[in-house]
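Subject: A structure for you to explore

Hi there,

Here is the structure I promised to pass on to you. Have a look at it first, and then read my notes below.

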Amino acid sequence: METIKNYLETMFRNLPDTDQVRKAKSELLQMMEDKFSELRNNGISENEAVGTVISEFGNLEELAEDLGLETVLNENKDSINKRSIAFDEIKNYIEEKQSSIILRAISVACFILCVTPLIIQDIFWDKYVIGLSLMFALIGAGIVLSILSSNKMDEWKYITDEPCSISQDSINYIAEGKRNFKKKYNVLHAIGVLLCVLCFIPAVIFDDLGIKVLEDLSPVFLFVFVATGVALLIYSGKKRKMYEMLMSINSEKTIGGSYSKAASKKDSEVTYNNKVVKAIMDVYWLTITCIYLAWSFSTFSWGFTWIIWPIAGVIHSMIKGIYGEEK
């Protein structure tokens, strides 16, 4: 019987989420259940009964008049003909997208680190050819990884370029993945921001130690901190956006869209209806970071400038409390 219910969900998921459609869906489910019970009582095997029910009630166009859906079907022909993405396709897409995101994050890190061989060669080598060779090697690696990242997703372009729909099982799978990743996202995002903010720490420590080689190497550690932090921010941000994109495949106005809304209830986020506030909050922490670094490097008062973070946190909470809404 579960197979019949899943098939029914597939039949209706692209139709508008209205009382009329929901009533028709309920009526059809009852008809299917009655037919299934009748067949089973007559000694028909479960698999045969399921096949008979689906073949008899599995075409909405043939049942439209009885269910009062003729007008609805005529008005939503384009929606009904959306490409249906199978559950296995969703699983494979997520795996491929995750690999693509990792490659993209590493490629950006390579581009950031490409200057470090020149710094190192100034300290340890006399020949510039070594530093230049390693620099171009990192640039080349970044380009190759970036191309591989893009090519990996070529076969999946239809998911974003074509009208598609996904089943309730797929929505549940995506929602579970998104919830499981939420804690990891918070940790990775926080570490990424922290590494970018604290990239100056090695320079401060090495300067206090007074060891010349370490002092000379401090810019290398700065780039390593930034590259690692940016890579973590790219990975966590893009993976989060992947889940959000998949959750929005079904239009919110359809029955299938209601699956997404229901699955997201346990994973509510803050949204801002005020366009100005939204624009500010989108770049809030990036702006605070820039102010912090500019202030700190211009005054070198590292022991005092940290005060900007708790103040920024309080202001952020106030704005979120006044203008933010749970969605």
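**What I found: salt bridges**

Arg 240 forms a salt bridge with Glu 244, their closest N and O atoms being 3.7 Å apart. A salt bridge here is a side-chain nitrogen of Lys or Arg within 4 Å of a carboxyl oxygen of Asp or Glu. Before going further, please keep in mind that this is a predicted model, in which local features need pLDDT of at least 70 and side-chain atom pairs count only at pLDDT 80 or more, while totals for chains, interfaces and linings use all residues. Residues are numbered from 1 along each chain as its sequence is written, and side-chain values use heavy atoms, with hydrogens and water left out.

Both Arg 240 and Glu 244 sit in helix H13 (residues 212-247), 4 residues apart, which is about one turn of the helix. (Helices, H or I with at least four residues, and strands, E with at least two, are DSSP runs numbered from the N terminus.) Arg 240 counts as partly exposed at 27% relative accessibility, and Glu 244 is partly exposed too, with a relative accessible area of 29%. For these words, buried means under 20% relative accessible area, exposed means over 50%, and partly exposed is in between, using a 1.4 Å probe and protein chains only.

How many salt bridges does a search of the whole structure find? It finds 3. One of them joins the side chains of Glu 96 and Lys 152, at 3.2 Å from N to O. Glu 96 belongs to helix H7 (residues 87-113) and Lys 152 to helix H9 (residues 128-152), so this pair ties together parts that are 56 residues apart in sequence. Glu 96 is partly exposed at 24% relative accessibility, and Lys 152 is partly exposed at 28%. Another salt bridge brings together the side chains of Lys 157 and Asp 154, at 3.9 Å from N to O. Here Lys 157 is partly exposed at 46% relative accessibility, as is Asp 154 with a relative accessible area of 39%.

**The protein as a whole**

Stepping back, you can find 18 helices and 4 strands in the protein. Of its 327 residues, 35% are buried. Its accessible surface comes to about 18,900 Å², and 58% of that belongs to carbon and sulfur atoms. (Accessible areas come from the Shrake-Rupley method with a 1.4 Å probe; for residues, only the protein chains shown count as cover.) Take the contacts between residues at least 6 apart in sequence: 76% of them join residues at least 24 apart. Contact means heavy atoms within 4.5 Å.

**Inside the protein**

Which residues touch the most other members of the largest nonpolar core? Of its 20 residues, they are Ile 85, Tyr 93, Ile 94, Ile 159, Ile 174 and Leu 246. A nonpolar core is a set of buried Ala, Val, Leu, Ile, Met, Phe, Trp, Tyr and Cys residues joined through side-chain atoms within 4.5 Å. The elements giving two or more residues to this core are H7, helix H10 (158-161), strand E2 (164-166), helix H11 (168-197) and H13. H11 provides the largest share, 5 residues. If you click on Leu 246 and leave aside its neighbours within four places in sequence, you will find it in contact with Ile 90, Tyr 93, Ile 94, Ile 159, Ile 166 and Ile 174. Apart from this core lies another, of 17 residues, among them Leu 8, Leu 39, Val 50 and Ile 54.

Helix H3 (residues 46-57) has 12 residues and reaches 16 Å from its first C-alpha to its last, close to the 16 Å expected at 1.5 Å a residue. (The expected span is 1.5 Å times one less than the number of residues.) The buried residues of H3 are Ala 49, Val 50, Val 53, Ile 54 and Phe 57. Seen down the axis of H3, these fall within an arc of 130 degrees, so they line one face of the helix; the arc is that of the directions from the helix axis to the C-beta atoms. On the other side of H3, Asn 47, Glu 48 and Ser 55 are exposed.

In helix H8 (residues 116-124), the buried residues are Thr 116, Pro 117, Ile 119 and Gln 121. Their cover includes H7, H9 and H13.

Enjoy exploring!
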